[in-house]
Amino acid sequence: MTEKKVPLLEVRNVSKDFFGNKVLNDINFTMEEGDVLGLVGENGAGKSTLMKILFGMDVIRETGGYGGEVIINGNVVKFVSSFDALESGIGMVHQEFSLIPGFTATENILLNREPQKYNVISEIFGKRLNTLNRSSMKEKAEDAISKLGVKIDSDMVINRMPVAHKQFTEIARELSKDNMKLLILDEPTDVLTEKEAETLLESIGTVAKRGIAVIFITHRLHEILSVCNKVIVMRDGLIVKDVPAKETNVEEITKWMVGRKVKEQETKRESDPDKSNKTIMSVKNLWVDMPGETVRNVSLDITEGEILGIGGLAGQGKLGIPNGIMGLYEAGGKVILKGKEIPLNSPRQCLDANIAFVSEDRRGVGLLLDETLEWNIAFPAMQIKNKFLKKYGPITWRDEKAIEKVTEKYVEELQIKCTGTKQNAKELSGGNQQKICLAKAFALEPGLLFVSEPTRGIDVGAKALVLDALRRFNREKGVTVVMISSELEELRSVCDRIAIVSGGKISGILPATESSEKFGMLMVSNVR
Amino acid sequence: MKLLKNNSFNILTFFKDNSVPVMFVLICAVCIPVAGFPLQYLLSEIITRIGRNAFLILALLIPIMAGMGLNFGMTLGAMAGEIGLIFVCDWRIYGIPGIVLAMIISIPISVLLGWLCGTIMNMAKGREMITGYIMNYFINGIYQLIVLFCMGSIIPIKHSDILLPRGYGIRVTVDLINMRQSLDNLIAVRIGMIKIPVFTFILIALMCLFIVWFRKTKLGQDMRAVGQDMEVARATGITVERTRIISIIMSTVLAGFGMIIYLQNIGSLTTYTAHSQIGMFCIAALLVGGASVDKASIGNVFLGVILFHLMFIVAPNAGAAITGDSMIGEYFRVFVSYGVITVALAMYEAKKRRAKSLAGRKLAQAQKEEAK
Amino acid sequence: MGETLISKSTLQKAVQSFGLPRLIIAGFLLSLFITAPFVGSNFFTQLSNTINRFGWNAVLVLAMVPMVHSGCGLNFGLPLGIISGLLGATLSIEMGFTGFASFVMAVVFCTPFALVLGLGYGWLLNKIKGGEMMIATYVGFSSVSFMCMMWLLLPYKSPTMIWGYAGKGLRTTISLEGFYSGVLSNFLAIRTPHMLIPTGAILFFALLAFGMWAFLHTKTGTAMTAVGSNATFARAAGINVDKIRILSVGMSTWLGAVGILVYQQGFGWMQLYMAPFNMALPAVSAILIGGATVNKASIINVVLGTFLFQGIVTMTPTVINNLMMVITGQGLDISEVIRVIASNGMILYALTRKSEVTR
């Protein structure tokens with residue numbers, strides 16, 4: 001077999017599992033010099049895992065490596081760390097800026113690769129005492145910037161720059177490496193305005209013309225079509241489509257992204273006959289300043305007794321809605337519960353109004369990791385509802401017996417695996433920790449419950465249990481539930497209605513029975 | 001670096017940014033006339049004190065660059081310098097050679113202590129300052145163990161005149177008469193009553209040049225990067241922990257030299273107490289000069305030395321003149337030293353938090369406008 | 001990142017959670033007790049000394065607990081509480097109270113000072129979350145040096161307290177004979193030839209410790225622990241984190257004030273000026289030796305820690321000195337040095353532990 005040309009990058013049969021949980025399955029694709037590959041897929045489709053493998057990130061090695069081969073210029077490579085990947089000419093620009101705020105663009109572009117001048121002292125004490133060659137640094141930096149085809153002041157300090165310039169600086173840093181062959185851009189346009197994004201797309205074109213291959217990950221599908229020559233769509237750890245960009249359109253890509261064989265029987269949810277159509281909460285013009293999940297001008301009515309789903313892609317603001325209403329992040333607008341306005345930015349007032357919230361940030365917000373399960377479950381109910389307390393004259397005392405009893409009740413009900421109610425929360429597995437968070441909210445006996453990403457990072461068995469518990473809580477206690485999740489199928493299996501958030505706004509509310517394609521279109525409708 | 005792009009000089013922001021130095025200028029402006037010292041005396045005292053202290057304070061700059069805050073562990077270097085001086089005294093090596101030898105002896109001790117201190121600070125990231133501060137007390141205990149018990153018994157000391165009468169342990173005061181001001185007097189220029197220790201000043205100038213040069217080196221650049229964002233620096237392959245340890249080692253070694261310069265000016269070594277306050281006074285002086293926990297320049301050092309020591313010299317007399325009790329002034333200057341450190345630390349922490357909330361508010365404002 | 005400890009033997013786990021330095025210190029003290037009789041110091045005298053010093057110091061160590069619980073870290077600002085105590089004490093004597101009444105009135109007078117200073121101190125610590133310990137240290141120092149001026153300037157008149165020759169300004173040390181010297185320690189004291197158990201002082205501590213224990217079991221006390229364990233969790237559960245923290249600082253400051261009064265009644269002297277300066281570190285290291293960490297502390301930690309720490313303070317001078325006498329033929333007072341190394345080593349150890357809430 002004689003190939004006339006060896007591809008720049010070949011990914012052959014790559015697979016990856018995290019402790020038995022398959023996230024990538026038999027991935028195959030090739031890239032030539034100057035290719036721009038658009039990589040799309042829902043959250044959790046396996047995009048970022050694939051990129052982590054290509055970039056040799058430590059997590060991959062620490063979790064047992066991967067299967068298959070990554071071949072660069074005909075050589076099989078096996079990266080021990082991302083520094084190896086850099087050496088082989090792969091550069092990656094991550095979602096978060098990786099820049100030193102007080103340094104100039106030049107200093108950042110050449111960080112730890114500064115051209116140096118030898119001197120007497122460094123001969124004795126080692127290379128680190130070489131002085132920096134400022135003029136050569138500036139030259140190199142400006143050269144890298146010019147490769148991008150944009151204008152940035154190379155002497156400007158990063159924290160005085162507009163966001164777009166920061167993004168360009170990061171890309172320029174990768175381009176300044178002499179052996180750069182493959183550039184991975186992970187959602188680079190996410191933080192940019194439309195105008196800025198356009199410039200960036202142009203730059204990608206310029207870069208590709210120089211023979212550098214680019215992998216471009218984004219949720220903005222039209223960007224892919226405008227700049228890429230090839231599109232790969234991933235879903236559930238598989239490549240479902242690998243087509244030239246010319247031969248497809250946004251609708252098709254959306255369909256491939258979300259369209260899976262819909263298991264009708266699971267998603268069908270017998271509608272509740274005696275559901276009232278009373279609005280329990282109405283949200284008006286809500287904005288929330290939650291970093292990475294900004295919410296803009298959201299209005300939403302929640303019907304009493306329903307399970308409302310809020311879905312959407314990551315970073316579009318769906319998480320900001322409950323966090324803003326509950327006062328955990330700064331918010332503005334109006335929230336009216338049963339005709340009474342609830343002040344924002346005050347968790348206490350929300351809790352007093354009989355609303356409970358299960359946060360997506362289990363370890364940070366959801367749990368007292370260093371305390372017992374008893375404390376975790378009983379604490380909010382004790383503080384808000386004065387439960388589990390006894391009185392000795394004027395002194396209110398913790399009622400340890402009642403706390404133990406209620407904990408035992410929930411341990412049994414939710415099948416929490418633990419050595420006892422006095423075990424510390426941090427010793428539990430993710431799924432069981434999630435159940436503790438639910439129990440904590442249930443113990444408050446709320447009228448309205450917000451649940452944020454209840455199944456994130458937990459295994460399939462626990463997932464089913466958690467969803468079932470929510471469903472039962474809604475049915476048996478008549479509690480209105482608002483569930484926020486990135487997994488559309490999960491929402492469709494539990495909820496009555498699903499609101500899709502895109503670009504910080506509600507792009508539409510559909511009944512759960514609606515087709516996946518329709519939801520998919522809403523998800524990408526005004527992604528910014 | 002071009003920091004101020006807009007040239008319009010705003011008086012209000014100037015006072016806000018330099019509140020501590022401005023406050024000290026005011027204190028001095030009130031106290032100097034009240035204390036009634038002749039100008040010549042003040043000038044001569046200030047010059048002496050610059051020569052005595054500036055080197056020590058310069059030793060603080062490097063860890064600040066590496067983002068490790070005020071190096072309360074600089075006392076470790078001071079102890080190393082003292083050990084060097086004790087040996088030199090015992091070996092009867094006088095004058096400049098003695099001082100040079102003491103510095104040489106202090107280097108390995110400083111490096112060892114600096115390495116230890118840096119390693120422990122790496123284990124306590126985010127609380128470097130309190131760790132360095134406790135480190136003082138810990139190493140001070142070990143210093144006492146060595147100097148008070150081991151010297152003369154395990155570590156040979158030839159001349160019993162620096163030993164305690166009991167036969168081991170170093171005396172509470174060691175006379176440095178043979179080294180007294182030998183650096184200062186090497187090229188001393190007298191203008192009227194004012195003696196200018198030119199050679200010491202040359203050393204300090206060289207040290208300043210070293211720092212300026214060091215900022216331009218690769219290591220200096222790495223330290224600045226580590227100081228601003230450890231994770232980003234690590235991602236580009238800079239050895240973060242090692243860089244931080246090196247910065248502490250450098251600071252410790254320089255503090256050792258600084259202590260020797262300080263003591264040769266004083267002319268005697270109070271073995272067990274000379275180092276105990278030195279860190280506090282140096283840090284206070286640096287802060288008075290307008291430095292903060294994360295930013296300090298050579299200018300801050302000199303302004304700080306002048307203002308802080310001016311206050312130190314005039315406070316007792318001024319206090320006595322105002323209240324009729326000279327002790328008031330003594331206590332006042334101690335209070336001011338601690339107070340200025342407290343204020344500087346509090347402002348630094350509060351600023352960190354304010355920066356965060358400001359970013360949030362800006363975002364909210366933008367959305368509000370869009371929401372309309 | 002929190003790691004789940006799965007396969008570790010319980011013994012290993014116990015050693016790990018107890019900490020090697022603590023084991024060394026406890027072992028050291030034990031060996032002191034064992035060696036004591038062989039080098040000619042009486043075991044019971046030693047034990048009695050330790051218990052007495054326990055009585056003096058325990059309340060000061062207890063003052064660490066509330067702030068540790070609310071996540072403000074170790075209270076290096078203890079001198080602020082001590083100053084309140086000194087103000088209370090000097091006022092009580094100035095007003096001419098004697099005997100037991102002078103102690104009671106000192107406690108009464110110190111309370112408003114402790115609360116006001118604690119409030120301000122707590123407000124400051126809320127502004128600088130994350131940097132509490134360093135700033136607490138310097139708040140303590142500045143307040144001590146500020147009060148140095150005040151002791152000279154405040155118009156105290158009582159001849160037992162002011163300098164005789166100047167006719168104004170308080171003395172550096174003031175004898176409490178006739179005032180509250182020993183009022184607690186001598187109450188119901190048990191005396192044997194070698195032993196003196198200061199029942200009253202221990203009872204007083206027990207009372208306060210019980211109060212603290214009880215408080216931590218109330219609704220507010222529970223909230224305080226939760227704030228220290230995970231402030232974000234507490235906020236999400238509707239707790240006013242800043243208010244709880246201020247409360248804890250106020251409690252710590254008040255306990256520091258009462259603590260110094262208890263210390264003085266045992267010691268028999270009141271020390272002013274720079275004396276409060278060095279009171280924070282021993283209390284901090286005591287509670288750490290007792291098993292506390294930067295954000296977890298219990299009454300048991302206080303009792304155990306004070307006993308161990310004071311044991312070392314009282315035992316090392318005599319036992320080590322005698323031991324050196326036996327070995328080298330001459331006395332060698334190395335105890336102070338050992339105490340400094342051990343106690344500060346303990347604080348360093350605690351600071352390097354990753355005891356922040358596991359995220």
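Reader: Which is the crossing of α5(B) and α12(B), left-handed or right-handed?

Author: This is a predicted model, in which local features need pLDDT of at least 70 and side-chain atom pairs count only at pLDDT 80 or more, while totals for chains, interfaces and linings use all residues. Residues are numbered from 1 along each chain as its sequence is written, chains are lettered from A and ligands are numbered from 1, both in the order in which they are written. A crossing is left-handed if the near helix is turned anticlockwise from the far one by less than a right angle, and right-handed if clockwise. The crossing of α5(B) and α12(B) is right-handed.

Reader: What term describes the angle between α5(B) and α12(B)?

Author: The axes of α5 (residues 74-90) and α12 (residues 278-288) of chain B come within 8 Å and cross at roughly 130 degrees; axes are lines fitted to C-alpha atoms, for helices over the stretch in contact, with angles from 0 to 180 degrees between N-to-C directions. Angles under 35 degrees count as roughly parallel, over 145 as roughly antiparallel, 65 to 115 as roughly perpendicular and the rest as oblique. Therefore α5(B) relative to α12(B) is oblique.

Reader: Which residues of α12(B) are met by B:Met74, B:Thr75 and B:Ala78?

Author: Two residues are in contact if their C-beta atoms, placed from the backbone, lie within 7 Å. The three residues of α5(B) meet B:Ile278, B:Gly279 and B:Cys282.

Reader: Which helix gives the largest share of the side of chain C that touches chain B?

Author: Helices (H or I, at least four residues) and strands (E, at least two) are DSSP runs, numbered from the N terminus. In chain C, 32 residues are in contact with 36 residues of chain B. At least two residues of this side of chain C come from each of α6 (99-127), α7 (132-153) and α14 (335-352). The largest share, 14 residues, is that of α7(C).
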